[in-house]
Amino acid sequence: MGSISVLLVGKVLPYLEQELDKRYNLFRGIDPSQRAAVLRDHASSIRAVVASSSGGPDAALIEALPKLEIVSSFSVGVDRIDLQKCKEKGVRVTNTPDVLTDEVADLTIGLILAVLRRICECDRYVRSGNWKKGDYKLTTKFSGKTLGILGLGRIGAAVAKRAEGFDCSICYYSRNEKPDSKYKYYPSVVELASNCDVLVVACPLTPETHHIINREVINALGPKGVLINIGRGKHVDEPELVSALLEGRLGGAGLDVFEKEPHVPEELFGLENVVLLPHVGSATVETRTAMADLVLDNLEAHFLGKPLLTPLV
């Protein structure tokens, strides 16, 4: 398959890039100027695009690739890909569900504990020598809290399963109530936020879920509530979140994603009730390698005429 041209448009694991280079005629187009040069000379030969959470083909790029057959994404989220244009053009799309579910769910629980028990701040307290001056203040436990989950998909369900081990009451909101779920359903995000101590954002990013965490939802969560976002940064109205934290209208936040990554509001840096992570939900060697293998397996299946492993479109 070395003669098949593939365009890489998002940041991926070096292992994946190396394997793509071995197996295909790989063109790199992460940088816009680099991509423009590739399109100028090779647009008519590219049959596959590899995307990620950092970059994917928009409508213009899809139109510019007349031979494009498949987009294989190194991510479970596909908000960087114009799915409608792919459908119109008959372009297949795959992503990497399941293989990162446990990793993201594990980190979610870690974020919750870090915020409620002030783990990061306690670490700084010891390192600074302040412990010699007195004990750190009391924090808040996680066990027995009510956990609200926005989006009870694979990751949301995995978070709920883990939270059961902490004797949490679990409730959720999603587009539709899940009849087979044992958890309490609320018909709106505001009602969910009003009835939980910790709210986890774990839904896909769509036009409908853009800024789904707004001022009303944040106020409903309240000064004792905690927001955990392991979905996408654009789920949250970031200026509203910042002002709520600064004004004490929200109790705390654990954030793995941001609206304009890698740029993070500097107002958050000095807050001890906020834990900030650099979008590392699935960032372990084991999981990222499994994701890379799934990207490769989907491409191979497509070009060999076999069923795709994780078809989305």
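Colleague: Is the crossing of helix 1 and helix 11 left-handed or right-handed?

Modeller: Helix 1 and helix 11 make a right-handed crossing. Keep in mind that this is a predicted model.

Colleague: Thanks! At roughly how many degrees do the axes of helix 1 and helix 11 cross?

Modeller: The angle is roughly 25 degrees, and the axes come within 9 Å. Helix 1 covers residues 14-23, while helix 11 covers residues 285-303. Angles under 35 degrees count as roughly parallel, so helix 1 is roughly parallel to helix 11.

Colleague: And which residues in helix 1 and helix 11 meet?

Modeller: From helix 1 you have Tyr15, Leu16, Glu19, Leu20 and Arg23. They meet Thr289, Ala292, Asp293, Val295, Leu296, Leu299 and Glu300 in helix 11. By class, the residues of this contact are seven nonpolar, one polar and four charged.

Colleague: Nice. How about helix 5 and helix 7, at what angle do they pack?

Modeller: Helix 5, residues 101-116, packs on helix 7 at an angle of about 50 degrees, with the axes 9 Å apart. That angle makes helix 5 oblique to helix 7. The crossing here is right-handed.

Colleague: Which residues make that contact?

Modeller: Helix 5 brings Thr101, Asp102, Val104, Ala105, Asp106, Thr108 and Ile109. Helix 7 brings Arg154, Ile155, Ala158, Val159, Arg162 and Ala163. The contact of helix 5 with helix 7 divides into seven nonpolar, two polar and four charged residues.

Colleague: Switching to pockets: what volume does the second largest pocket have?

Modeller: Its volume is about 200 Å³. The lining has 13 residues, and the closest to the pocket centre are Leu116, Arg118, Thr140, Lys224 and Gly251.

Colleague: How many residues of that lining are charged?

Modeller: Five are charged, alongside five nonpolar and three polar residues.

Colleague: Now the backbone. Is the peptide bond from Glu261 to Pro262 cis or trans?

Modeller: The bond from Glu261 to Pro262 is cis, with omega near 5 degrees. Most peptide bonds are trans. You'll find Pro262 in the loop between strand 11 (252-255) and strand 12 (274-276).

Colleague: And is phi of Asp167 positive or negative?

Modeller: Phi of Asp167 is positive, near 60 degrees. Most residues other than glycine have a negative phi.

Colleague: Where is Asp167, then?

Modeller: Asp167 lies in the loop between helix 7 (154-164) and strand 7 (169-173).

Technical notes:
Residues numbered from 1 in each chain as written. Predicted model: local features only at pLDDT ≥ 70, side-chain atom pairs only at ≥ 80, totals over all residues. Heavy atoms only, no water. Axes fitted to C-alpha atoms, helices over the stretch in contact; angles between N-to-C directions. Helix = DSSP H or I, 4+ residues; strand = E, 2+ residues; numbered from the N terminus. Parallel < 35°, antiparallel > 145°, perpendicular 65-115°, else oblique. Left-handed = near helix turned anticlockwise from the far one by under 90°. Contact = heavy atoms within 4.5 Å. Nonpolar A, V, L, I, M, F, W, Y, C, P; charged D, E, K, R; others polar. 1 Å grid on protein atoms, 1.4 Å probe; cavity = no way out; pocket = protein on both sides within 12 Å on 5 of 7 lines; lining within 4 Å. Points joined across faces, edges and corners; volume = space filled by probe spheres on them.
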